[in-house]
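Here is a short walk through one protein model, for anyone looking at it for the first time. Keep the picture open while you read, and take it one piece at a time.

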Amino acid sequence: MVTIVDTLSNTPLRPRHPEKANRPDSISPAKPAWIRVKAPTTRGYADTRNIVRENGLVTVCEEAGCPNIGECWDKKHATFMIMGDTCTRACAFCNVKTGLPAALDAGEPEHVAEATFKLGLAHVVVTSVDRDDLADGGAAHIAATIRAIRAKCPTTTIEVLTPDFLRKDGALEQVVAAKPDVFNHNLETVPSHYLSVRPGARYFHSIRLLQRVKEIDPTIFTKSGIMVGLGEQRHEVLQVMDDLRSAEVDFLTIGQYLQPTRKHHAVMSYVTPEEFSGYETVAYTKGFLMVSASPLTRSSHHAGEDFAKLKAARDAIAR
């Protein structure tokens with residue numbers, strides 16, 4: 001038998017989502033006008049891209065196909081995704097590559113800190129892939145990144161968007177001990193959709209994770225977000241709000257789910273801007289300090305401006 005290895009073609013040898021390759025296509029309805037965004041072409045976008053490339057960094061902006069990348073990168077705002085570009089989970093909504101990740105890069109925390117310095121970020125968001133292959137889920141690496149940014153950019157506020165650390169005892173405590181200004185962990189969807197949308201996670205574990213952050217250090221802001229348009233009912237979204245408030249979560253984001261490829265979960269509906277406005281109003285009545293709800297809302301979109309508002313809201317209550 002002869003094995004032919006193609007060394008000339010640019011075609012990847014392995015699909016980005018091998019677990020989805022044999023699934024039937026899921027067809028979403030056409031996008032409404034309020035979803036469409038312009039392709040990024042600005043000088044600011046190019047400058048941000050160059051800094052990311054020079055430091056060998058991965059961004060969730062690119063990996064997850066965020067529709068706001070042009071706007072954010074033009075302002076030199078980027079969300080760094082650490083611990084590689086390959087996730088050990090296979091969520092039905094996510095465009096991040098799945099499979100067995102490579103070993104951690106010990107120099108990555110310093111690279112992130114250097115990029116934060118070069119971009120002049122007043123507020124930085126650091127997220128990561130899920131690393132179920134690691135004993136601590138990558139918690140020590142996240143904590144090291146927080147400390148490196150603090151050392152290089154002492155005035156920069158830090159927001160982390162973490163995995164759920166499912167069955168990783170002591171992992172959460174390591175991250176909280178590094179004292180990020182904002183601890184974010186997204187629920188992503190309503191509990192009835194976890195098996196089809198987020199099968200590797202457990203809804204009430206995620207709620208408990210956020211609650212535990214407040215128990216350990218009440219000074220850290222907590223944040224979570226969900227997508228809508230996956231077939232959820234309005235009353236389910238309102239119940240998620242109540243569950244998050246029972247965990248004393250400060251900040252809620254709600255955005256429209258957009259299908260990355262036809263092998264991913266289909267968009268079941270496009271929620272109108274008026275419906276998002278209604279969700280925002282209800283969420284504020286439930287006691288959240290900050291709410292961002294719109295079709296293009298994403299966890300790290302306008303994160304710096306929103307952090308300033310979040311802090312001001314807490315200070316107003318304390319007076």
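The chain holds 11 helices and 9 strands. Keep in mind that this is a predicted model. Of its 319 residues, 52% count as buried. If you take the contacts with a separation of 6 or more, 77% of them come from residues 24 or more positions apart.

**The sheet**

Let's begin with the strands. Seven of them make up an open sheet: 7 strands in the order S1-S4-S5-S6-S7-S8-S9, with parallel pairing. The edges are strand S1 (79–82) and strand S9 (290–293), each of which pairs on one side only. On average, neighbouring strands here are turned by 20° against each other, direction ignored.

Here are some of the pairings, side by side:

| Strand pair | Sense | Bridges |
|---|---|---|
| S1 and S4 | parallel | 4 bridges |
| S4 (residues 123–128) and S5 (residues 157–161) | parallel | 5 bridges |
| S6 (residues 182–184) and S7 | parallel | 3 bridges |
| S7 and S8 (residues 251–256) | parallel | 6 bridges |

Is strand S4 mostly covered or mostly exposed? It's mostly covered: 6 of its 6 residues are buried. Both faces of S4 are covered, too. On one side you'll find His123, Val125 and Thr127, and on the other Val124, Val126 and Ser128, all of them buried.

Towards S5, Val125 stands opposite Glu159, and Val126 stands opposite Val160.

Which residue in S7 is the bridge partner of Asn184? That would be Lys223. Gly225, for its part, has Thr253 in S8 as its bridge partner.

**Two helix pairs**

Time for the helices. Helix H4 (residues 108–119) packs against helix H5 (residues 139–152) at an angle of about 40°, with their axes 8 Å apart. That angle makes H4 oblique to H5. The crossing of H4 past H5 is right-handed.

Who takes part? From H4 come Glu108, Pro109, Glu110, Val112, Ala113, Glu114, Thr116 and Phe117, and they meet His141, Ala144, Thr145, Ala148, Ile149 and Lys152 in H5. Sorted by class, this contact has 7 nonpolar, 3 polar and 4 charged residues.

A second pair to look at is helix H8 (residues 203–216) with helix H9 (residues 234–246). These two pack at an angle of about 40°, and their axes are 9 Å apart. H8 brings Tyr203, Phe204, Ile207, Leu210 and Gln211 to the contact, while H9 brings Val240, Asp243, Leu244 and Ser246. By class, that gives 6 nonpolar, 2 polar and 1 charged residues.

**A glutamate in a loop**

Let's finish with a single residue, Glu232. Where does Glu232 sit? Its place is in the loop between S7 and H9. Is Glu232 buried or exposed? The relative accessible area of Glu232 is 12%, which is under 20%, so it counts as buried.

Which residues does Glu232 touch, not counting residues up to four places away in sequence? The answer is Val190, His193, Met227 and Val237. Glu232 and Thr189 are 43 residues apart along the chain, and their C-alpha atoms are separated by 7.9 Å.

How values were computed:
Residues numbered from 1 in each chain as written. Predicted model: local features only at pLDDT ≥ 70, side-chain atom pairs only at ≥ 80, totals over all residues. Heavy atoms only, no water. Axes fitted to C-alpha atoms, helices over the stretch in contact; angles between N-to-C directions. Parallel < 35°, antiparallel > 145°, perpendicular 65-115°, else oblique. Left-handed = near helix turned anticlockwise from the far one by under 90°. Contact = heavy atoms within 4.5 Å. Nonpolar A, V, L, I, M, F, W, Y, C, P; charged D, E, K, R; others polar. Pairing = 2+ DSSP bridges. Buried < 20%, exposed > 50% of the residue type's maximum accessible area, 1.4 Å probe, protein only.
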